[in-house]
Amino acid sequence: METIKAPGLKWRKLAAGLSPIWVADEADVKNGYLPKTVNLKHLATEPEILVAKCNALQADMLLWRSGYRRDLLKFDGTIRSLLDIYELHESSPYRKLKPGSLRPYNHYLKNLRGHVGAIRLNDISGVDIIKWHKVWSGNGKHLAAAAMARAVLEAAISFGIMLRVDGCPELAAIFRETKKKLPNPRGRTEAATAEQVAAARRAAHENGRPSCALAYAIAFETTLRLWDVIGQWWPLDMGGISDVIDPVQGEKWFGLRWENIDADNVLTYTPTKTEDSTGRSMSYILSKAPMVLEELQHWPVEKRQGPIVVSEETGLPWKPRIFAQRWTVDRKTAKLPSSLWARDLRASGITEGRAANASTDDAGKVAGHSNRGTTEKYDRAVLEAAERFADARLRRREQSGNGGGNVR
């Protein structure tokens, strides 16, 4: 990491490893320049964005040195200033983004600064937003990218409204009206069958990664989101306390653990998407999840502690990007469609349940879509729904002659 060079970039030695920080020139600091330092730990794994951020901070300092005084937390009327406030303000929602969201947000913040950063909020019209959409979407070829760019900018505008920043309420209203005239990306429709999931599991075993096969089985059978199954890595200075640490990258892990499976083989987990909102947990009866039961045979009871899905390559839980690469290898080995993503496994399980005539209400409870949740460890209604949902899926597999989708 020390090989990454940028103006003002320093690497602090912490107990867990190196952490990037931007440091202003000492002479300027003595003359009153602020900020003296900017913690860039959240960009440690994004070298291009890290360098770009250091260059931007250095440019601001040089402008200040020439007589121009810009407080990064004081709004100057431009989009760039609004984005700076959104990113740097200690009360900004940006500071609460989880790692899975932080990466794309950082990418689009950088792009927005470069494309529209110099434009003043009061000069923006709906026509401008439509023009930007054409650029961001590549003339309609990448609607999801354009939607994400708008979402990041709107998040900054929303925080600006909270701070009573001039021009933000009016711009938010313009965005609301303009979006009605813009095409939205189509939702994903890909769904794997039980046979395809079994093929992916076989491929993972052939490639020497039973941990991946277990992850595929859990995501498909229980409909947990993949990022909960394999877990998420956080910077050490974010989130809560974890006993799983990567000292080299300076990260800590949160995700599905063996402790989430009780003596009755019931898996109970509070997804990251609900832990900070409703607190709703999900439950699934693993005795009715044959794919998971098959995979669990590879894990002796004495080894069932800590994270459930651990990389054979590192001995630590998988990093999302590496896991995605391994899925691509397994998908190709299994000759599955290139359009099928690992994260589609959750939707595939829900699709199988609905195709087997499981009720929408039961599917919603199992997937955690319902707002009528409970924070109790075991909610009888949820467990009963999970049992009906699982039974419907198993009947469908038996009727199709696939059984449990055995890998052997």
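Helices (H or I, at least four residues) and strands (E, at least two) are DSSP runs, numbered from the N terminus. Ala 215 lies in one such run, helix H9, which spans residues 210-222. The model is predicted, so local features need pLDDT of at least 70 and side-chain atom pairs count only at pLDDT 80 or more, while totals for chains, interfaces and linings use all residues. Residues are numbered from 1 along each chain as its sequence is written, and side-chain values use heavy atoms, with hydrogens and water left out.

Strand S2 (residues 17-23) and S3 run antiparallel and are joined by three bridges. Trp 22 stands opposite Val 38 in S3. Axes here are lines fitted to C-alpha atoms, for helices over the stretch in contact, and angles run from 0 to 180 degrees between N-to-C directions.

Seven aromatic pairs are present in the structure. Rings of Phe, Tyr and Trp (its six-membered ring) pair if their centres lie within 6.5 Å; planes under 30 degrees apart count as stacked, over 60 as edge-to-face and the rest as tilted. One of the pairs is formed by Tyr 33 and Trp 64, which is edge-to-face because the ring centres are 5.2 Å apart and the planes stand at 70°. Tyr 33 lies in the loop between helix H1 (26-30) and S3, and Trp 64 in helix H2, so the pair ties together parts that are 31 residues apart in sequence. Tyr 33 is buried, at a relative accessible area of 2%, and Trp 64 also counts as buried, at 10%. Buried means under 20% relative accessible area, exposed over 50%, and partly exposed in between (1.4 Å probe, protein chains only).

The rings of Tyr 216 and Phe 323 have centres 5.9 Å apart and planes at 70°, so this pair is edge-to-face. It links distant parts of the chain, with Tyr 216 in helix H9 and Phe 323 in helix H13 (residues 320-333), 107 residues apart. Tyr 216 is buried, with a relative accessible area of 0%, and Phe 323 is buried at 2%. Ring pairs link Tyr 216, Trp 318, Phe 323 and Trp 327 into a cluster.

Ala 215 is buried, with a relative accessible area of 0%. Not counting residues up to four places away in sequence, Ala 215 touches Val 229, Ile 230, Val 309 and Phe 323, where contact means heavy atoms within 4.5 Å. Ala 215 and Leu 62 are 153 residues apart in sequence, and their C-alpha atoms are 50 Å apart in space.

Two packed helices are described by the angle and the distance between their axes. For helix H6 (residues 143-162) and helix H7 (residues 168-179), the axes come within 9 Å and cross at roughly 145°. In H6, Arg 150, Leu 153, Glu 154, Ile 157, Gly 160 and Ile 161 meet Cys 168, Pro 169, Leu 171, Ala 172, Phe 175 and Lys 179 in H7.

Terms used. Two strands pair if DSSP finds at least two bridges between them.
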